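Trainee: I would like to learn how to read a few features of a model. Can we go through them one by one?

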Amino acid sequence: MKLATFMMPLHPPGRNPAETLAEDREAILLADRLGFSEAFVGEHVTDLAENVTSCLMFLASVAHETSNIVLGSGTINMPNSHPAAIAAQVAMLDHMLKGRFIMGISPGGLMSDAEVFGNYQKDRNAIFLESINMVLDIWKGEGPYELKGNFFEVTTKKTMIPEIGQGTILKPYQKPHPPIVVTAVAPHSKGVTEAAKRGWTPISANFLLPEWVASHWPKYVEGRKAVGAEPRAADWRVAKSIFVADDDKVAERYGRSAEGPYHFYFKQLVRKLVGFGGRSNLFKLDQNQPDSEITPDYVTKKLVIAGTVNSVVDQILAFRETTGDFGTLLYPCHDWLDPALGKRSMQLMAEQVMPKVNAALKGR
């Protein structure tokens with residue numbers, strides 16, 4: 001099992017963005033030094049708690065300061081930009097990274113982003129599909145393109161000067177394009193099946209109950225077999241909020257109590273997904289359970305793995321028993337309320353937890 005990281009990232013809105021952005025960059029650089037295989041970064045435009053407004057711009061800021069880690073957009077919210085802009089920016093970043101890039105895409109889940117970009121209560125899945133199809137068509141084709149859909153149009157027919165290069169959009173470094181991943185946030189996600197048919201791989205979100213995470217693998221298998229391809233557990237990425245400490249009491253206080261950043265994270269998510277988004281189903285197996293029971297305390301205790309090294313190893317193995325085999329464990333970077341504890345957790349995760357997890361898996 002590989003170890004990677006995923007950050008939304010989410011910080012208390014009162015923190016100075018200059019500080020949190022620097023902190024998020026430091027987490028990526030630390031992950032690179034510790035041997036994390038990948039780092040995915042999300043984006044939102046209308047959320048002061050999630051102040052990476054462009055994941056591509058953020059990743060560009062660490063492109064030349066990282067050496068081995070593969071960087072990923074987690075995700076580009078496709079309906080909120082023009083496909084020509086996405087095609088050009090992804091291609092440029094792919095060249096900057098010399099192919100050390102994975103393209104994560106989604107319809108976007110933040111309703112205030114949807115509203116500000118004018119696609120609230122519209123069919124964002126349809127916009128998403130048209131956008132990614134146009135991006136792929138841009139990379140396959142040559143100017144002047146002449147692509148027209150229900151939501152977007154791409155052409156340089158009137159202004160193209162081919163002999164000087166004008167009118168053509170940059171193609172990616174990787175051929176035909178970077179690997180594409182999609183985030184899976186719904187139980188029994190049909191989107192996972194459709195993505196699998198196209199050769200795209202899933203990331204299961206860290207705010208899903210283990211049983212809902214497990215529901216993604218059969219949908220991925222269904223999609224791969226529909227096109228005559230063999231599904232590989234190595235291609236499945238699963239995110240899980242984890243905090244590792246040298247002391248059990250510290251682990252419980254920082255990782256699960258109302259004092260810690262993990263509780264803050266899930267407090268924000270509960271407000272967004274239950275209070276406004278109508279997605280309380282993500283946090284309960286029995287859909288008759290009242291929403292009033294889906295509190296930040298309840299969700300944090302259900303979804304966070306916290307403890308000392310051996311305890312976390314046992315909890316990860318138990319989690320995997322429920323989900324089934326997967327290839328990469330994505331460790332989300334939460335706010336560094338205590339930078340020393342945040343960094344120590346990443347270090348323990350890379351240097352002690354994962355070797356023990358893999359040794360246990362090898363022995364089974």
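Trainee: What volume has the second largest cavity?

Mentor: First, the basis. This is a predicted model: local features need pLDDT of at least 70, side-chain atom pairs count only at pLDDT 80 or more, and totals for chains, interfaces and linings use all residues. Residues are numbered from 1 along each chain as its sequence is written, and side-chain values use heavy atoms, with hydrogens and water left out.

Mentor: Now the idea. Rolling a probe the size of a water molecule over the atoms shows where empty space is left. A cavity is a set of points, on a 1 Å grid over the protein atoms alone, where a 1.4 Å probe fits but cannot get out; lining residues have an atom within 4 Å of a point. Points are joined across faces, edges and corners, and the volume is the space filled by probe spheres set on them. The second largest cavity comes to about 50 Å³.

Trainee: Which residues line the second largest cavity?

Mentor: Among them are H44, N77, N80, D113, N119 and R124. Helix α4 (residues 111-116) gives the largest share, three residues. Helices are DSSP runs of H or I, at least four residues; strands are runs of E, at least two; both are numbered from the N terminus. By class, the lining has four nonpolar, six polar and two charged residues. Here Ala, Val, Leu, Ile, Met, Phe, Trp, Tyr, Cys and Pro count as nonpolar, Asp, Glu, Lys and Arg as charged, and the others, Gly among them, as polar.

Trainee: How many cavities of 30 Å³ or more does the count give?

Mentor: Four. β13 (328-332) and α13 (339-362) each supply at least two lining residues. The classes are eight nonpolar, two polar and one charged.

Trainee: Now the backbone. Where is the cis peptide bond with omega near 15°?

Mentor: From G74 to T75. T75 sits in the loop between β3 (70-73) and β4 (76-77). Another cis bond joins K175 and P176, with omega about 0°. P176 is in the loop between β7 (153-154) and β8 (180-184).

Trainee: What is the phi of Y145?

Mentor: Positive, about 70°, although Y145 is not a glycine. Y145 lies in the loop between α5 (124-140) and β6 (147-148). E146 is not a glycine either, and has a positive phi of about 55°. E146 is also placed in the loop between α5 and β6.

Trainee: Is Y145 buried or exposed?

Mentor: Buried, because its relative accessible area is 11%. Buried means under 20%, exposed over 50%, and partly exposed in between, with a 1.4 Å probe and protein chains only.

Terms used:
1 Å grid on protein atoms, 1.4 Å probe; cavity = no way out; pocket = protein on both sides within 12 Å on 5 of 7 lines; lining within 4 Å.
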